[in-house]
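The following questions and answers go through a protein model from its overall make-up to individual residues. Please keep the sequence and the structure in view while reading.

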Amino acid sequence: SSHFGSSYSPGLAFLPCRFPAFDLVVIAAMASPSQVRSAMESPSQVQSVESGSLGDEPQRLHSDSLQRLNSNSHVNSVLDQESAQAQVEGKPSRAKKKGAFAGVFVPTCENMWGVLIFLRFYYIVGHAGIFQTLCIVTLSFIVALCTTASMSSIASSGGLVSAGGPYHMISRTMGPVLGASVGIMYWLAITMLAVLECLGAVESLSMAVPAMQFPMHMQALGSAFMAGLALTVWGGINIVTKLGLLFALVVFYILFSFYFGLITAPHHVGDPLQEKWITGLSTATFSKNWASHYDSENNFGTMLALFYPCFTGILSGANRADVLKDPPKHIRQGTFAAICFSFVMYVSLFILWGSVADYRFLQGTTEGIHDEVDLGRVVVANIVWNPFPYSAFIGIIIASLSQSLQCLIVAPRLLQQIARDDILGVLKPLAPLSSRGEPTRALLFTYVVAALLVLIGKLELVAPLLAMCFLVAYAFMNCSCFVLTLLKSPAWRPEWIGQRRWRVWYLFVAALGFVLCIAVMVIINPIWAAVAGFIAVCLYTFI
């Protein structure tokens with residue numbers, strides 16, 4: 001470290017090494033704290049290097065570097081905190097750990113299948129048409145595919161780095177500066193996803209009970225829901241864990257209700273509204289809705305912003321890496337399977353919506369419809385299968401609140417991990433855990449931010465901001481993977497990196513993912529994209 005500098009940053013790995021003895025020093029500076037401790041506590045590794053024929057100068061520099069690493073108060077502090085944290089929380093036994101399906105595929109699908117599927121898919125296809133809607137889905141899918149490939153390479157780089165969720169993986173593989181930058185943007189994105197789902201629950205409640213529509217009802221009811229969810233998380237996650245199966249069943253029930261309703265529509269023969277606008281599955285309707293029908297307020301970018309959050313749950317597997325039998329393998333298999341399955345589901349739903357009703361009905365421009373709430377009420381009541389009154393609305397509300405609840409569980413833990421590493425001093429007060437081992441301070445801070453964002457009060461305004469935060473985090477990940485692979489960093493060691501074809505693959509998917517992330521941001525809104533990029537660069541520079 002005396003030769004290269006004492007900064008714990010990925011830049012160390014980019015510098016050329018004159019002596020093989022420095023490889024261990026460079027890798028140790030980039031490894032996770034547990035790997036640093038292992039290297040420092042293994043005299044045989046040091047002796048094997050020092051006993052080589054490299055001369056006295058390399059030996060002296062190498063020994064000094066290990067001593068400086070051993071005396072580095074920041075690294076030792078992180079080591080002690082992680083050891084204490086492991087003792088408090090405990091590690092699940094291998095017998096209780098899960099595989100790719102239960103541990104990654106199911107939670108990833110649950111996180112991607114949010115309220116927008118139920119409340120905005122018909123609106124998107126009504127404006128964008130079937131063709132452009134499929135282009136939106138495909139573009140978002142490719143971004144998710146490339147980012148998942150980059151995430152999988154991070155998870156497989158170093159083994160132990162994949163044991164602490166996305167922030168832990170990124171910071172221990174690429175350095176704390178980049179890790180904190182991505183982590184903060186990802187934390188903000190998850191918080192905004194909680195807000196989006198909460199507002200979706202309020203909108204569904206307003207559809208079911210029109211009397212709940214009063215001035216500023218979205219903000220008032222959204223604030224009440226958010227406070228209730230935060231109190232539930234504060235009370236302990238055991239309740240949420242026990243209800244996880246119920247929430248999953250509700251989501252599958254709502255999806256079945258939508259599929260069954262779309263396939264069997266129209267349901268009420270003789271109803272003037274259904275006879276005029278709802279044709280049932282029809283090739284003529286499909287052809288009529290193939291092209292786009294934008295109005296003055298909507299375009300391809302606004303529809304992309306509304307849909308993209310449906311592909312933002314791809315890091316859910318990394319959030320649960322601690323309970324996986326083989327994190328690198330299962331994260332890769334489960335996440336790829338989840339996004340491919342979701343892609344097929346999204347395409348099928350959009351084709352069904354575009355084949356079942358006239359685009360003017362899906363847009364909400366017919367008589368008697370004044371806003372999104374009126375449109376949703378009419379569409380769900382007339383097309384979606386309701387075995388008993390308001391069943392679909394109740395299911396959407398429960399599914400939305402459960403999704404928001406999951407976000408409020410993940411976000412504070414992510415923020416607490418960032419604060420615990422003491423990379424950003426202003427977050428240090430959020431690092432301590434409660435007597436029960438819960439990140440209470442981080443939860444309170446997350447709730448305050450979410451409560452302020454709820455005041456936006458409109459899904460169409462929250463969705464683009466949410467997409468920007470996720471895209472910035474994904475762009476950081478893809479760009480970093482590309483640079484580390486291009487420069488052949490000794491600290492960057494994903495699976496098969498030594499084989500030329502896989503190294504080309506890592507370069508290709510990372511570069512494509514980065515370019516597409518920036519492109520999607522610009523398409524959604526060039527000004528917001530510039531602002532988001534500026535904030536991200538300032539955050540990275542500041543850290």
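Buried means under 20% relative accessible area, exposed over 50%, and partly exposed in between, with a 1.4 Å probe and protein chains only. This is a predicted model, in which local features need pLDDT of at least 70 and side-chain atom pairs count only at pLDDT 80 or more, while totals for chains, interfaces and linings use all residues. Residues are numbered from 1 along each chain as its sequence is written, and side-chain values use heavy atoms, with hydrogens and water left out.

Q: How many helices and strands does the protein have?
A: Helices (H or I, at least four residues) and strands (E, at least two) are DSSP runs, numbered from the N terminus. On this basis the protein has zero strands and 26 helices.

Q: What percentage of the contacts with a separation of 6 or more is between residues 24 or more positions apart?
A: Contact means heavy atoms within 4.5 Å. Of the 543 residues, 55% count as buried. Among contacts with a separation of 6 or more, the share from residues 24 or more positions apart is 80%.

Q: Is helix α17 mostly covered or mostly uncovered, and what covers its buried residues?
A: Six of the eight residues of α17 (residues 300-307) are buried, so the helix is mostly covered. These are G301, M303, L304, A305, L306 and F307. The elements covering them include α8 (115-119), α9 (121-155), α19 (327-356), α24 (459-486) and α25 (500-524).

Q: Which residue caps the N-terminal end of α17?
A: A polar contact is a pair of N or O atoms within 3.5 Å; within protein, one must be able to donate a hydrogen and the other to accept it, and residues adjacent in sequence count only if both atoms are side-chain atoms. Here a side-chain oxygen lies 2.9 Å from the backbone nitrogen of G301. The capping residue that carries this oxygen is N299.

Q: What is the volume of the largest cavity?
A: On a 1 Å grid over the protein atoms alone, a cavity is a set of points where a 1.4 Å probe fits but cannot get out, and lining residues have an atom within 4 Å of a point. Grid points are joined across faces, edges and corners, and a volume is the space filled by probe spheres set on the points. The search finds four cavities of 30 Å³ or more. The volume of the largest is about 80 Å³.

Q: Which elements give two or more residues to the lining of the largest cavity?
A: The lining residues include N111, Y186, T312, Q406 and F470. The elements giving two or more residues are α11, α18 (316-319) and α22 (391-420).

Q: Is D421 buried or exposed?
A: D421 lies in the loop between α22 and α23 (440-454). D421 and A180 are 241 residues apart in sequence, yet 9.1 Å apart in space, C-alpha to C-alpha. Because its relative accessibility is 4%, D421 counts as buried.

Q: Which backbone oxygen does the side chain of S480 reach?
A: S480 lies in helix α24 and counts as buried because its relative accessibility is 11%. Leaving aside neighbours within four places in sequence, S480 is in contact with M174 and L178. At 2.8 Å, its side chain reaches the backbone oxygen of F476.

Q: Which peptide bond is cis, with omega near -5°?
A: P266 lies in the loop between α14 (244-264) and α15 (272-277). The cis peptide bond runs from A265 to P266.

Note on methods
1 Å grid on protein atoms, 1.4 Å probe; cavity = no way out; pocket = protein on both sides within 12 Å on 5 of 7 lines; lining within 4 Å.
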